[in-house]
Amino acid sequence: MKLETFDKKGVRMVAHRGLSGVETENTVAAFVAAANRSYYGIETDVHRTIDGKYVCIHDDNTLRVSGVDCKVTAHTYEEVLSVRLFDTEKGTGVRNDLRVPTLADYVSICHRYGKHSVLELKDEFVAKEIEEIIEIVKNAGQLENTTFISFIPSDLIALRKILPSQTAMLLSDTLDEQTKDLLLTYNLDLDILFTALDENGIKWLKSHGKAVNCWTVDKVSDAEKLSELGVDFITTNILE
């Protein structure tokens, strides 16, 4: 798939699940493809295997990306690693080099290429697990260059108790009063479905000093409108 560019007007671009418009989402290939381009950040999703290893995959099951029914949280790391993933090229089937990577793989690539990590906490993690995730990121020298994001408020609340000033964003598909309250109470920025953001919403966010990321934007016309609104980041599969 061909990448499209637009006048970003200072908006920083985040590659969704790596450069998933070109390579299979959430793989080393997708992370490196994004790292070799102009993206500010690379986004991924983290789940925990049954034996306590942290891996990068969006769904909690490999079925959609491999055809193999392997529930991540119910299998060991070695079992998850054994699953080969589909190539993005239609009709080519699985590729031997495409596997579910570890969180350590992801943060090491971001660190090596100088990219910002946008790390989505997918499970409802307990405090000890949040600490373990933080330690993996820290060991890679990437903690200061990482934004944690989640739809699960308890994950971000647990993060805040450990790292009061860490960059963190609440994922949401709306900017309602409950969302606003969470942002203000726990000092969070916002990562929002782009169709849920309007001029009034951006004014409220900016008046409260909140950074704004929008997902998932794949049309130039939408990206141009958002850049005019004044968003800070755009998460995309295919725009650059």
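In the predicted model, the contact between helices α4 and α5 joins Leu103, Ala104 and Val107 of α4 to Ile133, Ile136 and Val137 of α5, where contact means heavy atoms within 4.5 Å. These residues comprise six nonpolar, no polar and no charged; Ala, Val, Leu, Ile, Met, Phe, Trp, Tyr, Cys and Pro count as nonpolar, Asp, Glu, Lys and Arg as charged, and the others, Gly among them, as polar. Helix α5 spans residues 127-139, and its axis lies 9 Å from that of α4 at an angle of about 35°. Axes are lines fitted to C-alpha atoms, for helices over the stretch in contact, and angles run from 0 to 180 degrees between N-to-C directions. Helices are DSSP runs of H or I with at least four residues, numbered from the N terminus.

Residues are numbered from 1 along each chain as its sequence is written. As the model is predicted, local features need pLDDT of at least 70 and side-chain atom pairs count only at pLDDT 80 or more, while totals for chains, interfaces and linings use all residues; side-chain values use heavy atoms, with hydrogens and water left out.

Helix α4 (residues 103-113) also packs against helix α1 (residues 28-35), with an angle of about 15° and axes 10 Å apart. The two helices are therefore roughly parallel (angles under 35 degrees; 65 to 115 count as roughly perpendicular). Val28, Phe31, Val32 and Ala35 of α1 meet Asp105, Tyr106, Ile109 and Tyr113 of α4. Seven of these residues are nonpolar, none is polar and one is charged. The crossing of α1 and α4 is right-handed.

On helix α5, a further contact is formed with helix α6 (residues 153-162), the axes coming within 10 Å and crossing at roughly 65°. This makes α5 roughly perpendicular to α6. Ala127, Ile130, Glu131 and Ile134 of α5 contact Asp155, Ala158, Leu159 and Ile162 of α6. The residues divide into six nonpolar, no polar and two charged. Here too the crossing is right-handed.

Two placements of a charge over a ring were examined (NZ of Lys or CZ of Arg within 6 Å of the ring centre and within 35 degrees of the ring normal). Lys8 lies over the face of Phe6, 5.6 Å from the ring centre. The charged end of Arg12 sits over the ring of Tyr40, at 5.1 Å from its centre.

Key. Angles under 35 degrees count as roughly parallel, over 145 as roughly antiparallel, 65 to 115 as roughly perpendicular and the rest as oblique. A crossing is left-handed if the near helix is turned anticlockwise from the far one by less than a right angle, and right-handed if clockwise.
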